[in-house]
Amino acid sequence: MNDQIQFVPVSTRAEVAQILDLQAQNLASVLSAETMASQGFLTVRHDPGVLQRMNEKTPAIIAKAGDRVVGYALVMPRDFAAEVPVLLPMFDMLDQLSWKGVALRNNPRWFVMGQICVAEGYRGLGIFDGMYLKMKEVYRPEYDFTVTEVAERNTRSMRAHERVGFQGLHTYPDKTTGNVWRVVVLEF
Ligand SMILES: CC(C)(COP(=O)(O)OP(=O)(O)OC[C@H]1O[C@@H](n2cnc3c(N)ncnc32)[C@H](O)[C@@H]1OP(=O)(O)O)[C@@H](O)C(=O)NCCC(=O)NCCS
């Protein structure tokens, strides 16, 4: 199956539109409690214009089955934070943290992996791992690591992130969403 999947950076508007479709299908607001518990869920919905600009600057890594986008992992550098106001508190929080003795605030060589999703029917097939492998290959020349946060109750996503090598950096409760977030780092 994985032979038929291509891992590539986003290059067209049609791919960005497909990312938005996949996102819409996996938001916590449209899923049952059972599906969220077994399959995971997304929290942030992106504005189409912002997502397009983000992908022009730093293309997401996508998994394609033919023309269909069946997975994506968004790439969001620090200087894009102001464009996604809902994520500004996260960047402010990251500014207080250090990785390997260097304050994130003073280090330009990392970005936030903004959101990852694999389409239903394509899960458990190595697509998650394939997207992170491709991300390392594409972004290693410019960046040393990526940071993301995963809701503690998204146990499927937590497990997958640990499996590919993400390490814990920080844990904090978010009163607005009721989630406890784990901030994790993957070195390139
Ligand atoms: C989270 C997601 C990206 C992971 O991709 P995937 O292809 O399903 O991941 P994998 O199947 O490779 O890995 C999932 C791991 O969790 C395990 N798992 C499955 N269901 C689980 C559950 N309910 N609780 C804990 N672990 C679970 C699997 O066994 C596997 O671990 P293993 O390799 O040790 O066996 C995908 O499920 C998804 O898109 N979910 C909806 C959106 C989402 O949650 N995105 C992440 C937001 S942070």
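**Gly165 and helix α6**

I started at Gly165, which sits just after α6 and takes a positive phi of about 115°. I am working on a predicted model, where local features need pLDDT of at least 70, side-chain atom pairs count only at pLDDT 80 or more, and totals for chains, interfaces and linings use all residues. Residues are numbered from 1 along each chain as its sequence is written, and side-chain values use heavy atoms, with hydrogens and water left out.

Next I looked up α6 itself, residues 155-163. Helices here are DSSP runs of H or I with at least four residues, strands are runs of E with at least two, and both are numbered from the N terminus. Which residues of α6 are buried? I found Ser157, Met158, Ala160 and His161. Buried means under 20% relative accessible area, exposed over 50%, and partly exposed in between (1.4 Å probe, protein chains only). These residues cover an arc of only 165° around the axis, which puts them on the same side of α6. The arc is taken from the directions from the helix axis to the C-beta atoms. Their cover includes β6, α5 (127-139), β7 and β9 (179-187). Contact means heavy atoms within 4.5 Å.

**Thr146**

I moved to strand β7 (residues 145-151), where Thr146 has its place. Is Thr146 buried or exposed? Thr146 counts as buried, because its relative accessibility is 0%. Leaving out residues up to four places away in sequence, I listed its contacts, among them Phe111, Met135, Phe166 and Val185. Met113 is also on that list. A polar atom of the Thr146 side chain lies 3.2 Å from the backbone nitrogen of Met113. A polar contact is a pair of N or O atoms within 3.5 Å; within protein, one must be able to donate a hydrogen and the other to accept it, and residues adjacent in sequence count only if both atoms are side-chain atoms.

**The ligand**

I counted 20 residues around the ligand, and Gln39, Phe41, Val118, Arg159 and Arg163 come nearest. To be near, a residue needs a heavy atom within 4 Å.

- A backbone N or O atom of Phe41 lies 2.8 Å from a ligand oxygen.
- A polar side-chain atom of Thr155 lies 3.0 Å from a ligand nitrogen.
- A polar side-chain atom of Arg159 lies 2.6 Å from a ligand oxygen.

How much of the ligand does the protein cover? On its own the ligand has 950 Å² of accessible area, and the protein covers 76% of that. These areas come from the Shrake-Rupley method with a 1.4 Å probe; for residues, only the protein chains shown count as cover.
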